[in-house]
Amino acid sequence: MEFIDLLKAIILGLVEGLTEFAPVSSTGHMILVDDMWLKSTEFLGKYTANTFKIVIQLGSILAVVIVFKDRFIDLLGLNRLSKKKVVVHNKNHLNIMHVIVGIIPAGVFGLLFDDYIDENLFTIKTVLIGLFIGAIFMIVADLFSSKKPKVETVDQITYGQALTVGLIQCLSLWPGFSRSGATISGGILTGMSHRTAADFTFIMAVPIMAGASGVSLIKNWQYFTIDALPFFIVGFIAAFIFALVSIKFFLKLINKVKLIPFAIYRIVLVIVIYFLYF
């Protein structure tokens with residue numbers, strides 16, 4: 001594999017890492033950047049290229065695990081195995097069942113429609129549709145969100161709110177809609193603060209993204225060749241580094257700027273790409 005190909009992997013990893021947890025759709029951006037300029041399908045093939053776009057999300061997942069390591073240790077009950085003093089939480093303390101309730105809907109729909117999505121929705125046209133409709137949804141969510149949210153931390157999230165966010169997350173199966181855009185919007189519509197909705201979004205992202213990547217690995221193992229391996233490794237590392245930076249920045253920013261600026265960016269992007277491409 002030539003150096004220019006590895007440079008393309010770095011660029012796609014950068015796009016994935018910077019956009020995965022911002023409500024702008026990382027998958028949509030990767031499809032736009034790749035299909036319009038980098039064209040990885042020409043040297044990887046369609047299925048290997050599509051699998052790459054999913055698998056490098058593992059780099060972003062690893063970044064989330066590191067940022068929220070204490071929360072995951074608590075969710076998995078691993079703090080009971082350490083010598084540290086265990087904090088006693090109230091009855092509404094976020095637990096693993098909140099996460100399971102939140103990821104089941106998208107997990108079920110993802111398994112049912114995975115093949116259809118891979119075959120029909122990874123195109124520039126469908127991404128533009130997802131970006132635009134998702135932006136409108138985010139604007140509506142911001143306009144109708146509570147001025148004084150009742151849920152200020154993830155430990156106040158109820159099972160009903162987790163399920164509602166999980167159902168709304170199903171919209172993000174359409175490339176371009178944005179998983180974080182859908183779930184943060186769903187969270188604030190149920191009474192969460194923007195930061196709380198973002199925290200819950202990132203926590204839910206780990207099992208659902210890991211599951212999607214795992215399914216893709218199992219289904220497409222035959223496309224992982226020795227020649228393509230460097231492309232995957234470089235993309236993974238790039239996604240991890242840039243995601244680590246972007247997550248910390250986004251969490252500090254979200255309560256201040258909210259969702260509308262991201263929605264406006266998405267709409268402008270759709271208009272620009274439409275005139276450039278069509």
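In the classes used here, Ala, Val, Leu, Ile, Met, Phe, Trp, Tyr, Cys and Pro count as nonpolar, Asp, Glu, Lys and Arg as charged, and the others, Gly among them, as polar. By these classes, the lining of the largest pocket holds 15 nonpolar, 14 polar and five charged residues. The model is a predicted one.

**The largest pocket**

The space in the largest pocket amounts to about 750 Å³. Its lining consists of 34 residues, and those nearest the centre are Gln-57, Ser-172, Leu-173, Ile-208 and Ala-212. Four elements each supply two or more residues to this lining: α2 (26–38), α7 (96–120), α10 (179–189) and α11 (194–219). The largest contribution is that of α7, with nine residues.

**Helix α9**

Helix α9 spans residues 159–169, and its buried residues are Gln-161, Ala-162, Val-165, Gly-166, Ile-168 and Gln-169. Why do they lie on the same side of α9? They lie there because the arc they cover around the axis is only 165°. An α-helix has 3.6 residues a turn, so residues three or four places apart point the same way. The cover over the buried residues of α9 includes α7, α8 (124–144), α10 and α11.

**Phe-200 in α11**

Phe-200 belongs to helix α11. Is Phe-200 buried or exposed? Its relative accessibility is 1%, so Phe-200 counts as buried, the cut-off for buried being under 20%. Leaving aside residues up to four places away in sequence, Phe-200 touches Leu-94, His-98, Val-154, Ile-157, Ala-162, Val-165 and Met-192. Two of these contacts, Ala-162 and Val-165, are also among the buried residues of α9. Ser-246 is 46 residues from Phe-200 along the chain, and the two C-alpha atoms are separated by 16 Å.

**Annotated spans**

The unreviewed UniProt entry places the feature "transmembrane region" at residues 54–73, 94–112, 124–145, 157–177, 197–217, 229–251 and 257–277.

**Residues in loops**

Ser-25 is located in the loop between α1 (3–19) and α2. Its phi is near 75°, a positive value in a residue other than glycine. With a relative accessible area of 4%, Ser-25 is buried.

Lys-258 is another residue that is not a glycine and has a positive phi, of about 60°. The loop that holds Lys-258 runs between α12 and α13 (260–277). Its relative accessibility is 35%, so Lys-258 counts as partly exposed.

Thr-225 sits in the loop between α11 and α12 (229–257). Thr-225 also counts as partly exposed, at 37% relative accessibility. How far apart in space are Thr-225 and Leu-44, C-alpha to C-alpha? The distance is 9.8 Å, whereas in sequence Thr-225 and Leu-44 are 181 residues apart.

Conventions. Residues numbered from 1 in each chain as written. Predicted model: local features only at pLDDT ≥ 70, side-chain atom pairs only at ≥ 80, totals over all residues. Heavy atoms only, no water. 1 Å grid on protein atoms, 1.4 Å probe; cavity = no way out; pocket = protein on both sides within 12 Å on 5 of 7 lines; lining within 4 Å. Points joined across faces, edges and corners; volume = space filled by probe spheres on them. Buried < 20%, exposed > 50% of the residue type's maximum accessible area, 1.4 Å probe, protein only. Arc of directions from axis to C-beta. Contact = heavy atoms within 4.5 Å. UniProt positions renumbered as here; feature names shortened; annotations may be inferred.
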